[in-house]
Amino acid sequence: MKRPVPVESASASIDEKIKELGDWRGTTLSQIRALIKQADPEVVEELKWRKPSNPAGVPVWYHDGIICTGETYVNHVRLTFAKGASLKDPSGLFNSGLGGNVRRAIDIHEGDKVDEAALKDLIRAAVALNLKGQNKKKPKPKPRRASSKRAG
């Protein structure tokens with residue numbers, strides 16, 4: 001059974017990941033991270049999905065469920081919203097994963113300008129959606145009918 005990584009340790013690991021990138025991707029991930037924290041001061045961050053091909057793992061931001069992940073690739077930084085397909089995106093930030101039924105992503109390339117206000121709005125909307133989902137009551141199971149087997 002895996003134990004959760006303490007928040008301080010996860011934050012320090014994300015700091016290290018950003019430092020190790022050492023280029024525009026680290027700067028972009030740091031900027032995105034700051035915007036997420038500004039939009040939701042109660043956000044919890046973790047570093048998940050460490051594997052040999054990605055030993056640094058993937059930063060994940062939570063508030064009563066996953067808000068988004070921050071993945072780094074050679075040519076872009078991808079911010080994937082776990083429930084992005086359910087979010088309104090009036091500013092058109094989502095530019096990746098548009099055909100999916102659940103997730104949506106924002107790919108940020110070197111030199112791209114991030115619409116900070118629109119991103120904060122999207123983060124707040126994702127948190128609100130998570131909170132709304134937490135408040136839903138689970139449906140009561142339907143009563144089972146007694147089996148009427150006939151002796152035959």
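Strand β3, residues 66–72, contributes the most to the lining of the second largest pocket, with four residues. Strands here are DSSP runs of E with at least two residues, helices are runs of H or I with at least four, and both are numbered from the N terminus.

Before going further, a word on the basis. This is a predicted model, in which local features need pLDDT of at least 70 and side-chain atom pairs count only at pLDDT 80 or more, while totals for chains, interfaces and linings use all residues. Residues are numbered from 1 along each chain as its sequence is written, and side-chain values use heavy atoms, with hydrogens and water left out.

To return to the pocket: its space amounts to about 220 Å³. The lining comprises 13 residues, of which K51, N54, V58, E71 and Y73 are the closest to the centre. A pocket is an open set of points on a 1 Å grid over the protein atoms alone, where a 1.4 Å probe fits, with protein on both sides within 12 Å along at least five of seven lines; lining residues have an atom within 4 Å of a point. Points are joined across faces, edges and corners, and the volume is the space filled by probe spheres set on them. By class, the lining holds three nonpolar, seven polar and three charged residues. Asp, Glu, Lys and Arg count as charged; Ala, Val, Leu, Ile, Met, Phe, Trp, Tyr, Cys and Pro as nonpolar; the others, Gly among them, as polar.

Now the overall architecture. The protein has three helices and five strands, in the order α-α-β-β-β-β-β-α from the N terminus. Of its 152 residues, 38% are buried, meaning under 20% relative accessible area with a 1.4 Å probe and protein chains only; exposed is over 50%, and partly exposed lies in between.

Next, helix α2, residues 24–39. Its end C-alpha atoms are 22 Å apart, which agrees with the 22 Å that its 16 residues should span at 1.5 Å a residue; the expected span is 1.5 Å times one less than the number of residues. Among the buried residues of α2 are W24, L29, I32 and I36. At the helix start, a side-chain oxygen of D23 comes to within 3.0 Å of the backbone nitrogen of R25.

Finally, the backbone. Most residues other than glycine have a negative phi. W49, in the loop between β1 (44–48) and β2 (58–62), has a positive phi of about 55°. D64, in the loop between β2 and β3, likewise has a positive phi of about 55°. W49 counts as partly exposed because its relative accessibility is 46%, and D64 because its value is 40%.

Technical notes. A polar contact is a pair of N or O atoms within 3.5 Å; within protein, one must be able to donate a hydrogen and the other to accept it, and residues adjacent in sequence count only if both atoms are side-chain atoms.
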